[in-house]
Amino acid sequence: MLELGTFLVSFFAILICVAIESRHTPANVDKGYFWHVSDFHYDDTYGKEGQSCGFPVLEPGPFGDAACDAPLRLIEDSIKTMAAIKPDVDFILWTGDNAAHIPTPKFSMERNLYMIQTTTSAIKRMFPHTLVVPSFGNHDFYPADNTNGTEEGFYKVVCQNMWSTWIQDPKQIQTCKSGGFYSRLVGHKLRVLAVNTVLYLIENPKTKNLTNPSQQFEWLEATLMAARNAGEKVIVSAHVPPTIPSPSLFYWFYEQYQGPYVQLMTKFADVIVAHHYAHEHSDTFKILQNEDETGASAVFLAPSVTPLRGHKSSTELLPNHNPGVRLVEYDKRTGKHLGYTQFYTNITGANSHGKTHWKELYSFQDAYDVSDMSVSSLRKIFHKMAQPFSAPMMQYCSFYSVTDTPEEECTLEEQAVFWCAGQLTNLNMTKECVKRYMHL
Ligand SMILES: [Zn+2]
Ligand SMILES: [Zn+2]
């Protein structure tokens with residue numbers, strides 16, 4: 001017998017599908033879809049010891065809590081919802097961070113691998129025939145953040161035993177095993193580069209004194225060059241972004257990697273249709289470009305499935321955010337990104353009702369009134385956000401926390417940071433820009 005919950009998920013999914021399909025499609029476009037999901041951060045002790053919980057949670061809700069990482073129920077529910085809304089996507093981008101934020105002394109490599117295996121199995125179960133392109137997040141390593149690309153045993157287990165059915169090409173499986181990166185053709189002349197940007201992460205002690213771990217830079221350049229020569233387009237998919245995070249301003253990458261990465265990616269901006277990252281657990285988009293505004297590419301950061309928030313102080317969490325999954329529309333002939341729909345479920349409501357109610361938070365094209373996800377569309381949006389407290393800026397602030405009911409209004413400084421870090425890749429220039437924006 002069909003359970004009521006399953007029926008309701010299917011019913012809402014049909015309504016959502018009809019809404020997505022009926023959106024205007026330009027002529028001469030062969031529309032395709034892919035999901036972007038990230039940052040499950042599975043806590044297998046949720047509701048018991050709550051080892052990921054930053055503060056004591058008196059009554060942990062069945063779907064999670066802002067002080068903790070995700071229970072399996074939320075993870076499975078999010079993937080099941082994706083499969084109900086749009087099962088026939090062309091592929092899924094999955095940008096890492098499967099383990100919970102558990103302090104190293106309480107954690108182990110075995111549990112870390114168990115968490116990656118659990119999320120891998122959940123995706124395989126609910127998307128048994130779909131191509132998935134996973135990449136590594138900093139919380140996929142034990143201890144967290146620690147990798148220089150040579151941990152052969154770890155990479156072998158994940159790349160070979162868990163993900164080889166998706167990667168398929170033996171040469172790319174080998175590449176994955178020797179550094180955690182690989183490329184995958186996902187359509188006619190459309191390739192995804194699953195990049196291991198954890199190698200460049202400023203919190204990774206193993207690569208602090210290196211300059212080119214696992215020779216990923218050579219591999220990137222050679223792969224992008226080959227794609228260009230073959231007339232392919234490329235989607236860059238990775239966990240840690242090369243852009244400047246908001247509301248704090250710094251580089252996620254060590255200095256010796258930041259410049260070369262931006263230089264390399266901007267050099268191939270003609271090949272790259274978009275970058276998709278995560279790690280910040282927030283919904284945001286930015287332009288990656290040279291200081292002279294050449295070689296620009298559009299960068300999109302997907303929010304997390306885990307509802308965990310960072311700490312504002314020792315007694316206070318950052319504002320709530322909700323679990324989200326993202327459906328991207330693109331042109332299969334050109335790889336051009338046409339738009340996306342951001343879905344979310346209100347975690348407080350899900351806990352009080354005992355079931356989730358996933359719905360559309362916004363459509364990128366409709367919310368920002370643009371025709372696609374190109375750099376020129378992003379420039380138009382930032383132009384509209386140039387005025388503090390403007391409607392598009394307030395909308396961006398709300399979506400940033402994956403909520404339709406923001407608890408706090410965005411401060412002028414936060415708006416300045418969003419606006420400047422969204423368009424600049426140089427830290428000093430961004431800081432100067434923030435000062436100017438605030439004195440408007
Ligand atoms: Zn994360
Ligand atoms: Zn991360």
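1. pLDDT is the predictor's confidence in each residue, on a scale from 0 to 100. The model is predicted, and its chain has a mean pLDDT of 93, with 93% of the residues at 70 or more. Residues 1-7 fall below 50, and beyond near neighbours in sequence this stretch has two contacts in the model; a contact means that the C-beta atoms of two residues, placed from the backbone, lie within 7 Å.

2. On conventions, local features need pLDDT of at least 70, side-chain atom pairs count only at pLDDT 80 or more, and totals for chains, interfaces and linings use all residues. Residues are numbered from 1 along each chain as its sequence is written, while chains are lettered from A and ligands numbered from 1 in the order in which they are written.

3. One open sheet has six strands in the order β3-β2-β1-β10-β11-β12, with mixed pairing. Strands (E, at least two residues) and helices (H or I, at least four) are DSSP runs numbered from the N terminus, and two strands pair if DSSP finds at least two bridges between them. From one strand to the next the twist averages 25°.

4. In that sheet, strand β2 (residues 91-94) runs parallel to β3, joined by four bridges. Phe91 stands opposite Leu131 in β3. Helix α2 (residues 72-85) packs on the sheet, where it touches β1 (31-37), β10 (324-331) and β11 (337-344), and its direction makes about 35° with that of β10. Axes are lines fitted to C-alpha atoms, for helices over the stretch in contact, and angles between N-to-C directions run from 0 to 180 degrees.

5. Five bridges join β4 to the antiparallel strand β5 (residues 190-195), where Ala194 is the bridge partner of Tyr182.

6. Helices α4 (residues 152-162) and α6 (residues 170-177) pack at about 145°, with axes 8 Å apart. The contact involves Glu152, Tyr155, Lys156, Cys159 and Gln160 of α4, with Ile173, Cys176 and Lys177 of α6.

7. UniProt lists residues 34-263 as "domain: Calcineurin-like phosphoesterase" in an unreviewed entry; such annotations may be inferred rather than shown by experiment. The span is 34% helix and 13% strand, and its end C-alpha atoms lie 28 Å apart.
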